[in-house]
Amino acid sequence: MIDAFSPYVAWRYLLTRRINLLAVGGVMFAVWAILLVDSVFTGFVSQIRSDVRASACDLMVTELPHDASYEALRAAIEADADVVATAPRLRHHGMLQQVRVRAGSARNQGSSQVDFDHTANGFALLIGIDPAREEAIGGLRQWLVRGPEELAQRYPGDFWPSPALDETDAGRKGRLAMPDADEWRARRRAGLAHEPDVANQRGAWPGVLLGWQRIRRLGWFARSEPFDVVCASFTGGDGDAVLHTHSARVGFAGVFATGSRAADEGMALLPIETLRTMLGHDAADPGSVDVVTDVAVRLRPGLGAAAVAAAGARLRDRVNAALPPGSPSCLVADWEQQNVTFLSAVAHEQGMMQFVLFVVMLVAAFVIYATLHMMVVQKVKDIGILAAIGGSPRSVGAVFLLGGLAVALFGTALGLGVGVLSAANLNAANEWMYANFQLELFPRRLFDLREVPCRLEPSWAATVAVGAIALAVVVAAVPARKAARMNPVLCLAHE
Amino acid sequence: MNETALQAVAVHKRYRLGRQEIPVLRGVDLAVARGETVALLGASGAGKSTLLHVLGLLDAPSAGEIRFDGRRVDDLPVRERAALRHRHVGFVFQFYHLIPELTALQNVLLAQMMAISPLAYWRVRKQARADAEAMLERVGLQDRLRHRPTELSGGERQRVAIARALMASPQALLADEPTGNLDSHTAAGVCELLFDIQRQRGLALLLVTHDEGLARRCHRTVRMKDGVVER
């Protein structure tokens, strides 16, 4: 129990000593910084997670043997009651090169020199898909809507939505084929062989869907723009490996945006049969396999994490049973497991950032300590006076402890208020700063976001507030203890 | 006047200076009765102020006993000693020892806030304020309530200190050269006030002074030399 003079004297000291404003300001700044920076980071992380989730299927059966057949696996997977749909995927690294016969005919012909005149290299992760099945998995149609929107928000131009999924002819849809007239115009534009009459042109190119980030870097958006797709593989075991290259000509069929920067930049979607053929599994060949590297799975909606995990375990057993004897076990990954490295890196970054902000809070706590310590040193005589008129050591110490507590309460309250206001008006403030001072505190373009995502979690704000006050009380306890242990007689004699 | 308010019994006080032990009080016996005024005289370093601090429970004796109303009090827990110091004795110092951030009224009011919880004080705060104003009026400072110590003269500061010492209605006043820092005219006024209040309230007054004239106004004079009371 403390005496009534403790809060009274503490309050008087706070009111009359302006240096306490420094401590209040320090706590306020630390709380504000922690709230605002973490809100932005939480917003980013939340956005990243939702983007990653949007670009990932419910479950992915992967690490399959090189000759895994989709039809065999499909029967096994779709037998599970929780599975709604599956889609085959074939992954392979490759390159894309625009066909510019007219514009680029004089360039690099017969030369081994690397073209450094633009930054967009042609490397891509080629994903062979079955468009109809992929649509059933979910996501693809939405990606094709978002793609032109992302470009339209940044650049002027006609960013048309891909018609590939609206094609009624199943064969053409499976090839992601563009209208024949578009191919005719693209051929003519590029100086490639074409029918004299557009009406006689029959489309031959399968389509390719490219991410909006790649399109942005390439700087064009022409229907059926022709590309050469190249991928390579090695054969030969004992002796020197032999490099085989496979190529196909495809036409640009549309732009997608998954929300994942890595996917939107590095991924190219093309018909799975085109990629299979390039890799030596032409469907027309006898004995060819409808080869897949992964099978995307859509589960019944509304399943919890435990049910998804259980479904994953069941599917792994089913797929392993369907694989040829002696095959290594496959992996069934949910959306977080599919992106575990990336999500771990983001979580690690957030942890590091919170540590840095904790250090900011420590600095504020040190300011409180220094202020109170200085106060104790300057108020030695007062300590003696309070003891002489009946103040107990505990109550004398409480003067300084309460001083620290008051500084923390005021600083935290101000920091919370300013932090909440800043978080609520972050984008407006960001715009205003840029409009008036050309200063963008949170550059959206850096992260390709329409606005700075900011998410202030009430639980986090409460944690920060309680933590700031607790930390201030802990550091204030040191000078308070010192004051309580002082000899009153020596204090009275202090000059 | 026979009831003993304060008593030191064979009190020793030693201070440690590095490895050396310095005896300041060496077996002091002293009793001050209610209504009695005692002047404590002696050269500088004789142990007068130390005896005052030990008697007022501001410092603990190295040996011996301190008694309030015949009851030993120096061995009580620190919090009880603080409460007893508040209720039983009032200190008046040579250099006033007022808290500079507080006004005259607030300095006096501070004495009302000792040994009482914040909540309990909140309930009696209006009465406490009225009492403090009355006390300042009693010492002639009714017009200086809101002045800070730096805005008061030496005599006025000492009057504030006296008012503060009396706020808890103590039974003894311990004054350590209360006029030592004042000019003779002001000192005379402060002394008059001190003795007047002492008479009115029947206080035990122990007065440390170098002023023989002031000492002669007391009922009894005790001389100290080298930490002992001269007989």
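Predicted model: local features only at pLDDT ≥ 70, side-chain atom pairs only at ≥ 80, totals over all residues.
The radius of gyration used here is taken over C-alpha atoms, and the globule rule sets it at 2.2 Å times the number of residues to the power 0.38.

Let's start with chain A. A compact globule of 495 residues would come out near 23 Å, but chain A has a radius of gyration of 33 Å. Its C-alpha atoms fill a box of roughly 110 × 55 × 50 Å along the principal axes.

Chain B has seven helices and ten strands. Its radius of gyration is 18 Å, close to the 17 Å that the globule rule gives for 231 residues, so chain B is as compact as a globular protein of that length. The C-alpha trace of chain B spans about 45 × 40 × 40 Å along its principal axes.

Here are some more numbers for each chain:

| Chain | Property | Value |
|---|---|---|
| Chain A | helices and strands | 20 helices, nine strands |
| Chain A | buried share of its 495 residues | 40% |
| Chain A | share of contacts between residues at least 6 apart that join residues at least 24 apart | 83% |
| Chain B | buried share of its 231 residues | 49% |
| Chain B | share of contacts with a separation of 6 or more that join residues 24 or more positions apart | 73% |

## Two sheets in chain B

Now zoom in on chain B and find its open sheet of four strands. The strands run in the order β2-β1-β4-β5 (chain B), and the pairing is antiparallel. Which strands stand at the edges? They are β2 (20-33) and β5 (71-72) of chain B; each has a single partner strand, so one side of each is left without a neighbour in the sheet. For β5(B), pairing with β4 (residues 63-68) of chain B is antiparallel and takes two bridges. You can pick out B:F68, whose bridge partner in β5(B) is B:R71. A helix goes with this sheet too: α1 (residues 48-55) of chain B lies across β1 (4-17), β2 and β4 of chain B, at about 120° to β1(B).

Then there is an open sheet of six strands, ordered β6-β7-β8-β3-β9-β10 (chain B), where the pairing is mixed. Its edge strands are β6 (89-92) and β10 (228-229) of chain B, and each has a single partner strand, so one side of each has no neighbour in the sheet. Strand β9 (residues 220-225) of chain B pairs with β10(B) in the antiparallel sense, over two bridges. In that pairing, B:K225 stands opposite B:V228 in β10(B). Helix α5 (residues 154-166) of chain B packs on the sheet and touches β6 and β7 (172-176) of chain B, with its direction at about 170° to that of β6(B).

## A closer look at one residue

Strand β8 (residues 204-208) of chain B holds B:L207. Is B:L207 buried or exposed? It counts as buried, because it has 29 C-beta neighbours inside 10 Å and the cut-off for buried is 20 or more. Leaving aside neighbours within four places in sequence, the contacts of B:L207 include B:T37, B:V38, B:A39 and B:L40, and also B:A175, B:L214 and B:C218.

## Two residues with a positive phi

A:Q438 isn't a glycine, yet its phi is positive, about 55°. You'll find A:Q438 in the loop between α17 (426-437) and α18 (444-447) of chain A. With 7 C-beta neighbours inside 10 Å, A:Q438 counts as exposed.

B:H97 isn't a glycine either, and has a positive phi of about 55°. Its loop runs between β6 and α3 (104-110) of chain B. B:H97 counts as buried, because it has 23 C-beta neighbours inside 10 Å.

## Where the chains meet

Finally, look at where the chains touch. The contact takes 24 residues from chain B and 23 residues from chain A. On the chain B side, the elements that give two or more residues are α2 (78-88) and α4 (118-138) of chain B. The largest share, six residues, comes from α2(B). By class, this side of chain B has 15 nonpolar, four polar and five charged residues.

How values were computed
Residues numbered from 1 in each chain as written. Chains lettered and ligands numbered in written order. Buried ≥ 20, exposed ≤ 12 C-beta atoms within 10 Å, placed from the backbone. Contact = placed C-beta atoms within 7 Å. Nonpolar A, V, L, I, M, F, W, Y, C, P; charged D, E, K, R; others polar. Pairing = 2+ DSSP bridges. Axes fitted to C-alpha atoms, helices over the stretch in contact; angles between N-to-C directions.
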